[in-house]
Amino acid sequence: MTDGRTDGQTVGRTETAPQSESVSALRDRFGPVVLRTAVSCGDSIVWVDRARAHEVLAWLRDTPGQAFDYLTDVTAVEYRDPERDLEVSYQLRSLARRADLRIKIPLSKSGPLEVDSVVDLWKGADWLEREVFDMFGVTFKGHPDLRRILMWDTYAEGHPLRKDFPLRGHFTRAEQTRQALAANPEAHYSMEELSIAEAYDELPEEMRHRLSHGERGHVL
Amino acid sequence: MTTRTLEMALSTPSLDAQGRPTRVPLGVAGRGDPNDEFGAEPMLVNIGPQHPATHGVLRLVLELEGETVIRCIPHIGYLHSGFEKLGEYRHYNQIIPLTDRTDYLSPMANNVGFALGAEKLMGIEITERCAVLRVIACEMSRIISHLVWLGTTGIDLGAYTPFLWTFYERERIYNLQEAWTGARLTTSVTRVGGMMADLPDGFEAMLRDFCKTFPKTLDEVDTVFTRNAIWCGRTQGVGVIGRDEAINYSLSGPMLRASGVDYDVRKDRPYLGYDTYNFDVPIGEHGDIYDRYRVRLEEMYQSTRILDQALDRLPALKGAPINVSDPKVILPSKSRAMSDMEAMIFHFKQVMEGVPAPAGEAYMGIENPKGELGTYLVADGTAKPVRWRIRPPSFINLACLPKLCEGALLSDVIAINASVDIVMGEIDR
């Protein structure tokens, strides 16, 4: 049930499950923006071009016949084959129609890893996109507050779920320990948070100096 | 210093149009006056990460004006263990022990969620008895998870006794888990294509006894909480999120249903034959803490119903296999592996090389106690996944905490945070 443009890497088996009706609707509406489609384990997958992905997702959400009102998950996949594109994956669901659809945006690793944020469509995408940014280094254009979420703000070893990231991290165990010991708990408020309370001005001169020069930044 | 008169709006709870008590925040007179030394400036309050009421290593930074929360900034990641990364270095069956440690308040349901995802990826049909055993595992998990939630939320709001009742009942399920798997928390009860073990002798009678007596405890909790003026006052109309916003925030589980969305994965995308069981899905109306409490309380009654029905099915399936018959997927018994050449080869290949999954990808969502637990697996034909993604329900539910806390009182933040039912093992993974 896959079309001619399946590359055989993703779908290595005979699929009997029918493709979702949304797939042909997307082809009719967007034409070449739909790069290829496939069915894997019964799930319909559509690869769309990065440039108009936001438009496709907005159309899927707002068109009455589609009504994918629920964003189940946002994540990314990097394959072991270093030549293959990294993919950002949106798992959509229509609560009323009980239908699922997976939209994937391939991102060439030679270009910028950048897609448009969908926080304006689904507020639930906020933390999910931050996690993808944190773990894969994909930038979401238009995200209101794109910063690391599971790792700390000054984490310097890279993006842990990338395939070129070793399981134990880039730094040596000794270096990781040294940094952990050097971390200053007092510096654990962000500058923004300190400015809320106007506490920043009341800090000792020495600590203010350390904070403004990135206390945890300098050990990196 | 000027003389200051404090006028407290000491309210008697009045009722709004829906008959629910309205709340008047106790404020300090003259707020906003620049000469006022009280409450004119926003204040920064830090809660956690080491604080019992944050239910784990969650840290909240609150911006307060007087006692009203202007902004809430959650910080997570203190328990990050890199499970998803670890999974890329392990065989599918070796990942199952990692799933225990994500949502550690309902380990068995996590085991089931991962096994179902891997089986969907490999195209394995599990046996009938295995499906019934997994339903039992899931519903036992739902009960213990909700019991922890109920007890600890009660403590957060000042009710100590129900905590003792709920933890007593939880202990009985833990004993059952221990009898079944040998472990209370790190159960690892499933395998890809089957179960680690069949039920031990006497398990069914113990579980039947639990199903008979447990609703009485729930009735007692119901008596103590549901019409309790303090409980109602602390929970009704607090932390409200409406139907459309709950969907927009991708909430799931009791959080979504309390806002009036009729969505339960067990009903809408039945797995493990849930469509053949009789049970109701409680739906809230107001989307506040009180409705979340009502939804979770009712879900425990419904889980007991499902457990009863699952137990009724077991005698007919007595002696039926719990594992699929494919020797490439399921390990042979130890005695066969030591005496039969062919079994030993299968044993060796599975242990050394693992079970390969064909190239492809699968998303499998199940209804966990905290919401929809998704397992998204991408395979490239080897025995280790390219990507193992957990869709963590409480991570996504927690993301709406800043919205729920906006404009609430400081003391309500504790109640709102409790009502989300978070577990940090799953949020930080």
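**The core and its surroundings**

Mentor: Gladly! The largest nonpolar core has 155 residues, and those with the most contacts inside it are A:Val132, A:Val138, B:Ala137 and B:Val413. Keep in mind that this is a predicted model.

Trainee: Which element gives the largest share of this core?

Mentor: Helix H4 of chain B, residues 128-156, does, with 15 residues.

Trainee: And why is the core said to lie between domain 1 and domain 2 of chain B?

Mentor: Because both domain 1 (41-80) and domain 2 (91-326 + 358-406) give residues to this core, it lies between them.

Trainee: What does A:Val138 touch, leaving out residues up to four places away in sequence?

Mentor: Its partners are A:Ala76, A:Val88, A:Leu107, A:Leu113, A:Val115, A:Val132 and A:Phe133.

Trainee: Now to B:Gly48. Why is B:Gly48 called partly exposed?

Mentor: B:Gly48 has 19 other C-beta atoms within 10 Å. Buried takes 20 or more and exposed 12 or fewer, so B:Gly48 falls in between and is partly exposed.

Trainee: Where is B:Gly48 found?

Mentor: In the loop of chain B between strand E3 (43-47) and strand E4 (59-65). Beyond four places in sequence, B:Gly48 is in contact with B:Thr54, B:Val57, B:Leu58, B:Arg59 and B:Leu60.

Trainee: How many residues are in contact between the chains?

Mentor: On chain B 43 residues are in contact with 38 residues of chain A. Strand E8 of chain B (residues 360-368) gives the largest share of chain B's side, 5 residues. That side divides into 22 nonpolar, 9 polar and 12 charged residues.

Definitions and conventions. Residues numbered from 1 in each chain as written. Chains lettered and ligands numbered in written order. Predicted model: local features only at pLDDT ≥ 70, side-chain atom pairs only at ≥ 80, totals over all residues. Helix = DSSP H or I, 4+ residues; strand = E, 2+ residues; numbered from the N terminus. Contact = placed C-beta atoms within 7 Å. Nonpolar A, V, L, I, M, F, W, Y, C, P; charged D, E, K, R; others polar. Core = buried A, V, L, I, M, F, W, Y, C linked by C-beta atoms within 7 Å. Domains from an automatic or database assignment.
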